[in-house]
Amino acid sequence: MRLFDETLEVLNLGLGTFADAIETAGGRAIRIEWAPPAAGDHAAGQALARLVNDARVEAANRTAFAAYLAAQPVLEGIAPAREAVPGMDGRRILHAGPPIAWAHMCGPMQGAIIGAILFEGWAADPGSAGHLAASGEVAFAPCHHHGAVGPMAGVISPSMPVWIVREATRGRRSFSNLNEGLGKVLRFGANGAEVIARLRWMAGPLCRVLDATLRQAGGIELKPLIAQALHMGDEVHNRNAAATSLLLRRLLPAMLQSTAGRDDITGAVTFIAGSDHFFLNLSMAACKAMLDAARDVPASSMVTAMARNGVAFGIQLSGTGDRWFTAPAPVVDGLFFPGYSTADAAPDLGDSAITETAGLGGFAMAAAPAIVNFVGGTPDDAIANSEAMGHITLGRNGGFTLPAMNFTGTPAGIDARLVADTRLLPVINTGIAHREAGIGQIGAGITHAPPDCFAQALVALAAALPDG
Amino acid sequence: MARLARITRNFYRDSVELMQLSARLLALPGVRRASAVMASPANLALLREAELLAGEVDAGPNDLLIALEAEEGAAAAALAEVDRAFNQAPSAGQGGGRRQMPPRSLEMALETAPAANLALISTPGDYAAAEAMKALRLGLHVMIFSDNVPVAEEIVLKRYAAAHDLLVMGPDCGTAIIAGVPLGFANVVRRGDIGLVAASGTGLQQVTCLIDRLGGGISQAIGTGGHDLSREVGGTTMLHGLAALATDPQTRVIVLISKPPAPEVAAQVLDRACTAGKPVIVNFVGADPQTIAGDRLIPARTLEDAALLAVGAAAGRPCPPIDDGLPELPRLAPGQCHVRGLYSGGTFCYEATLLLAASLPDVHSNTPVGAARPLADVWQSRGHTLVDLGDDVFTRGRPHPMIDPRLRLERLAEEARDPTTAVILLDIVLGFGAHADPAGVIAPAIEAAIAGARAAGRQLAVVGFVCGTAADPQNLARQQARLREAGMALTASNAQAALLAGRIAATAGG
């Protein structure tokens, strides 16, 4: 034992007076701001203690994180979900977040599903669409179970066009629906005639133009585009203005050279140029591709998905595969549009937290000074936020750098162990939906992943690993 | 000399940053040429022209290219340097006056203090074992001050620690001194060549303080926690500590302190002590000295004895006993015949109870040992009574009497009013963690007790000792002076105080 030959340096956990005594006597003490880990859950605390510095977990996390870093998402094409998404057969509708039955879905999600049924022509009016949804004749499944992601309600039905993003190192594909813009839109549960008409136009002319454009352009690498957008003030979750512009700049020459007709091009360009968030769904699909590359590494405590269905918030770990660990979805603390307040807000909703899971969004807050009001108001607050996330992540993504932090990589690869141990919860930038279907977005702000998800995940991960 | 090119896809970096990186790589030994560039056609052409790039490269302007010409081995070091450069956390202070976040977990603390080597855990007992296990898994030695840790968890921790050559002090370890640094409730003692392993916190404090007073010094004082020498735990920490002190060149004499261990554990500890190669003084408080026999084993009857024998062994000649002179004894009124001991230190109460029960009949305690009998009502003294006010029954929902003296002051006033009380016996503990001025709060209560008795026509003896050193924050001499001024008779040690109290009570009886 070498202790007596070393200079004693004490980590003090508990009574601060003990650290005072050590320092008074000329020793060195580091004070830890301790509180019960894993929100005081004793079983999770025990699981965590077993997993800390476990050689198997450390090695698995290195593997998972390296796969995430190496992933290269490439926008490959666009096609109806029925053709592109595996398992998208018959009357199946995908939704955001972990699994949930129709009867338990929140207002915006039910509204969006009714809209999707009308759009598909499976029912003639909202009333019969609701009956059909409740009848059990439509299958519901999380987007994540089909390699897909969707913002807010995240509803994808077979005829909707989806982005196809190919992860170049492994060839696996991920998908996302197309962004409809703001206002009365399906993802917030609106399902009126104008919403359905817009969906038809998106599935028709817009999809045709983008298909022709992407055929002309070949694949578009998404990582460099995101990296550049971060340098231009986006965090590619709640702010996508730069990324949308960069995307349009990439698409335009190919669009003009493509076989698409002039009127369709005008319509498509006008639509994209008018929607600051058009890139969001691509950002999400890119993040999904990077994280899917890190999936299914046994023993890994790296988080591969965080998603909300408006009732439950769920996470998945690389080491526990497709299993969800859920807790009640929190209400978002945010800023509201005039006339709305927290009382009107639906609990946290959407797959868009995939961006934070991939080290973007709230984790890259320091990149987006324009939206720092959501985290306290000053760029310093945003930087502090990004720094804090560095304490719960496996490393930094050198491919995505933050100018305000001396071009350090974004903190990425959430380690469930570190979340439980530090009680620093992943921060998520997000929009806020009205709790009733169809009213739409009523604000935006930040929320945090509930600690209980991580506690459960650690118990399951520890149970899968024999003592050692 | 080998040439090597590494491509990292979609890893855009500013050219200035890359030039700095190239310079950093060139400064490495064995690297002859190094270039970090974005793989644009122009840059690729430049590298080819410089013959730093052999053959075709499948890379584009978004891809980072590191091209090296270096000796075998140096190239790998250079690539590791690249990874380090790109995986750096932001340096402290960067970004203006933002405060660095204080660490919130052991692992987080190690990010900024990688040389830390011991975790001192005083969280609520429910969480202490998990934190201790994390600390061990992170390669840290551990002291667990917390109590109420299930013995099954203690066993798991100690087995893990033993397998990884790490020290676990505790659970329920109140004090230790490692490399001269006081941990928990500890006194400021001179450094020296006597090493201790103790299962008793106040026992360790008494022995280290007396060694200090006798001119000796402490190399290391290891606490094991109170359950270590039980049959279940098997003395893991004491055995580990003993082995560490046996090989520690600073330690020339070893002292072991405990209440009597489980017999098979005692046998194993003594067996190992015989092979330590150094004199080992053993005080298993209350154990028959006959049972402690072996090569270089020296049994000690009391804590004070242990200190005397240790200093003697270190000096190579016997240490004369401490004699502070006998204080003037009070003239007791008829009916004043009982000793009432009010202890804050559990081992002090234990040792005093043993000593008094050996010479006085009718001794009671809430923690009875030897011939002493249990108290039916711990709040009510009977005959000779010694109570450990640090025991769970008294501390539930209340701070320990070493920190908060109120409970003891109330009991002191109560005992003083009892016409059968001849002697009140007190321990006063100094050091880090203890009350900032125990004499300052106890002395007025002693004055009031003596005055009250006198008003009722009695002389009351208040006897005790101060466990502390001149260098303690409270200062031993100052504390003693205040207590003497209040009328307290002070002895050098717990054992002497108990024996004095016994003598006073015996004269009353005769």
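A polar contact is a pair of N or O atoms within 3.5 Å; within protein, one atom must be able to donate a hydrogen and the other to accept it. In this predicted model, 23 residue pairs, with both residues at pLDDT 80 or more, are in polar contact between chain A and chain B. On chain A, the side that touches chain B receives two or more residues from each of several elements, namely strands S1 (9–13), S2 (28–32) and S15 (393–402), together with helices H1 (16–24), H2 (42–51), H8 (222–230), H13 (379–389) and H14 (416–422). Helix H2(A) gives six residues, the largest share of this side. By residue class, the side of chain A that touches chain B divides into 28 nonpolar, 20 polar and 14 charged residues.

The extent of the interface was also computed. In total, 62 residues of chain A are in contact with 64 residues of chain B. The two chains bury about 5,700 Å² between them, and carbon and sulfur atoms account for 60% of that area.

Charged pairs and strand pairing both occur between the chains. Two salt bridges are counted between chain A and chain B. A:Asp54 forms a salt bridge with B:Arg137, and the closest N and O atoms of this pair lie 3.6 Å apart. Strand S1(A), besides giving residues to the side that touches chain B, is joined by four bridges to strand S4 of chain B (residues 118–121). These two strands run parallel. Within this pairing, A:Leu13 has B:Ile121 of S4(B) as its bridge partner.

Methods: Residues numbered from 1 in each chain as written. Chains lettered and ligands numbered in written order. Predicted model: local features only at pLDDT ≥ 70, side-chain atom pairs only at ≥ 80, totals over all residues. Heavy atoms only, no water. Contact = heavy atoms within 4.5 Å. Buried area = accessible area lost by both parts, 1.4 Å probe. Salt bridge = Lys/Arg side-chain N within 4 Å of Asp/Glu carboxyl O. Polar contact = N/O pair within 3.5 Å; in protein donor to acceptor, adjacent residues only side chain to side chain. Nonpolar A, V, L, I, M, F, W, Y, C, P; charged D, E, K, R; others polar. Pairing = 2+ DSSP bridges.
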